[in-house]
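Opening my notebook on this one. I went through it piece by piece and jotted down what I looked up.

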Amino acid sequence: MAARSRSKAQKSMTNAPWWKGAVIYQIYPRSFCDTTQNGVGDLPGILSKLDYIKRLGVDGVWLSPIFPSPMKDYGYDISDYEGVDPLFGSFQDLCDVITIAHDKGLKVILDQVYSHTSDQHLWFKESRSSKDNAKADWYIWADPKADGGPPNNWLSVFGGPAWGWDTQREQYYLHNFLREQPDLNFRKSEVRDEVMRVARNWLDMGVDGFRLDVTNFYYCDVNLRDNPPKPAPLNKSRPYTYQQHLYDRSQPETLDFIKAFRELLDEYDNRMAVAEIFCDHYTDRSIEYTSPDHLHTAYNFLFLENAPLTPDLIRQAYDGWPAEDAWPSWSFSNHDVVRARTRWGGENAP
């Protein structure tokens with residue numbers, strides 16, 4: 001029986017989409033391989049290492065952002081979704097990476113940051129120029145309270161209020177992360193259409209999928225209601241954890257957008273998207289975002305934010321997942337937390 005079960009599972013995986021069970025090698029370009037001796041990795045460096053990456057036995061690469069950016073958040077503050085920052089090379093260099101990776105049997109996944117742009121993006125420059133320009137409501141703008149304060153009590157993930165004052169419009173704009181990363185207004189159909197157009201262009205270029213940054217931050221509450229306090233926050237060193245984030249993220253409208261995004265992906269053969277989710281109820285949110293007509297998979301930070309790793313924690317991660325059509329993902333470590341060995345091995349772990 002066990003042998004038959006394994007055989008059935010192996011057959012199932014043989015017929016599965018390429019990304020199920022795939023090993024994806026994340027490349028952070030600026031620290032990967034520097035061919036110009038300027039101290040910053042680049043696309044030619046990635047190209048020079050594709051044979052090495054292939055020998056590792058991986059199935060594809062995920063490129064962290066290579067787009068034009070002021071680099072306030074190391075590339076996650078994008079000023080042009082369709083270009084390549086000269087720091088990393090040329091647009092042709094990126095085309096070569098995609099083409100030659102495919103020639104070697106490697107998939108290529110691009111990071112996409114749709115929740116927010118850089119404040120140097122042309123969209124935001126136009127939006128902040130007046131209250132009645134063509135892109136005036138492409139971002140989340142709000143009037144101050146009577147006392148001049150921010151519209152509500154929302155906090156930035158990176159610290160401080162989530163609202164930045166703009167002297168040109170004499171209004172506040174929402175930034176869930178850095179002040180230099182204003183949030184796009186996904187309630188505006190033109191914004192959604194433009195995001196879809198950008199994604200389609202990359203798909204037409206042959207990329208195999210997208211990693212979608214902070215997907216559950218695409219929408220906020222239309223009425224900008226205050227978040228209620230969270231009883232007994234676990235991490236008292238971060239003010240952000242003192243709130244129940246009911247209104248600044250994880251809004252139901254996000255599901256409509258990711259369903260439309262999945263429909264776009266399904267127009268192409270063998271393309272996929274993996275969402276990054278940062279929230280309070282990781283398993284529930286991941287299931288919600290990866291139902292059959294939504295995204296292919298989503299990863300969350302349950303293991304990053306909890307230590308030590310225990311059977312109960314793993315059980316918590318898996319409990320409740322549907323038996324079929326689900327492909328859960330978790331992040332064990334990243335640049336935002338101390339090493340897994342230290343988190344799980346105790347204070348004296350090397």
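I started with Met71, which sits in the loop between β2 and α4 (helices are DSSP runs of H or I with at least four residues, strands runs of E with at least two, numbered from the N terminus). I'm working on a predicted model, where local features need pLDDT of at least 70 and side-chain atom pairs count only at pLDDT 80 or more, while totals for chains, interfaces and linings use all residues. My numbering runs from 1 along each chain as its sequence is written, and side-chain values use heavy atoms, with hydrogens and water left out.

Met71 has a positive phi of about 65° without being a glycine. Most residues other than glycine have a negative phi, so I wrote this one down. Met71 counts as buried at 16% relative accessibility (buried is under 20% relative accessible area, exposed over 50%, partly exposed in between, with a 1.4 Å probe and protein chains only). I found another positive phi at Gln37, near 60°. Gln37 is in the loop between β1 (24-27) and α2 (43-48), and is exposed, with a relative accessible area of 67%.

**Two loop residues.** I checked Ser79, also placed in the loop between β2 and α4. Is Ser79 buried or exposed? Ser79 is buried, at 18% relative accessible area. Leaving out residues up to four places away in sequence, Ser79 touches Pro68, Ser69, Pro70, Ser118, Gln120, His121 and Leu122 (contact means heavy atoms within 4.5 Å). Then I went to Gln181, in the loop between β6 and α6. Gln181 is buried, with a relative accessible area of 0%. Its contacts, again not counting residues up to four places away, include Asp73, Tyr76, Asp77, His116 and Phe158.

**Salt bridges.** How many salt bridges does a search of the whole structure find? I get 17, taking a salt bridge as a side-chain nitrogen of Lys or Arg within 4 Å of a carboxyl oxygen of Asp or Glu. One that I noted is Glu82 with Arg197, the closest N and O atoms being 2.7 Å apart. Glu82 lies in the loop between β2 (60-63) and α4 (91-103) and Arg197 in helix α6 (residues 189-205), so the pair ties together parts 115 residues apart in sequence. Both ends are partly exposed: Glu82 at 29% relative accessibility, Arg197 at 33%.

Next I looked at Lys188, which meets Asp137 in a salt bridge at 3.3 Å, N to O. This pair links distant parts of the chain, with Lys188 in the loop between β6 (171-174) and α6 and Asp137 in the loop between α5 (122-129) and β4 (141-142), 51 residues apart. Asp137 is partly exposed, at 33% relative accessible area. Lys188 also pairs with Glu190, where the closest N and O atoms are 3.8 Å apart. Glu190 counts as partly exposed at 36% relative accessibility. I also logged a network in which salt bridges that share partners join Asp111, Arg211, Asp213 and Glu276.

**Cysteines.** I counted 0 disulfides, using a cut-off of cysteine sulfur atoms within 2.5 Å. For Cys33, the nearest cysteine sulfur is that of Cys95, 20 Å away. Cys33 is buried, with a relative accessible area of 14%. Cys279 is in no disulfide either, the nearest cysteine sulfur being that of Cys220 at 17 Å. Cys279 is buried, at 5% relative accessible area.

**Surface patch.** Which residues form a nonpolar patch on the surface? I have Leu309, Ile314, Tyr318 and Phe332, with about 360 Å² of accessible area together. Patch members have over 30% relative accessible area and no salt bridge; like charges are joined within 9 Å, nonpolar side chains (Val, Leu, Ile, Met, Phe, Trp, Tyr) within 5 Å. Areas are Shrake-Rupley with a 1.4 Å probe, and for residues only the protein chains shown count as cover. Tyr318 belongs to helix α9 (residues 311-318) and is partly exposed, at 48% relative accessible area.

**Whole chain.** The chain has 10 helices and 10 strands, and buried residues make up 50% of its 350 residues. The C-alpha trace spans about 70 × 50 × 45 Å along its principal axes.
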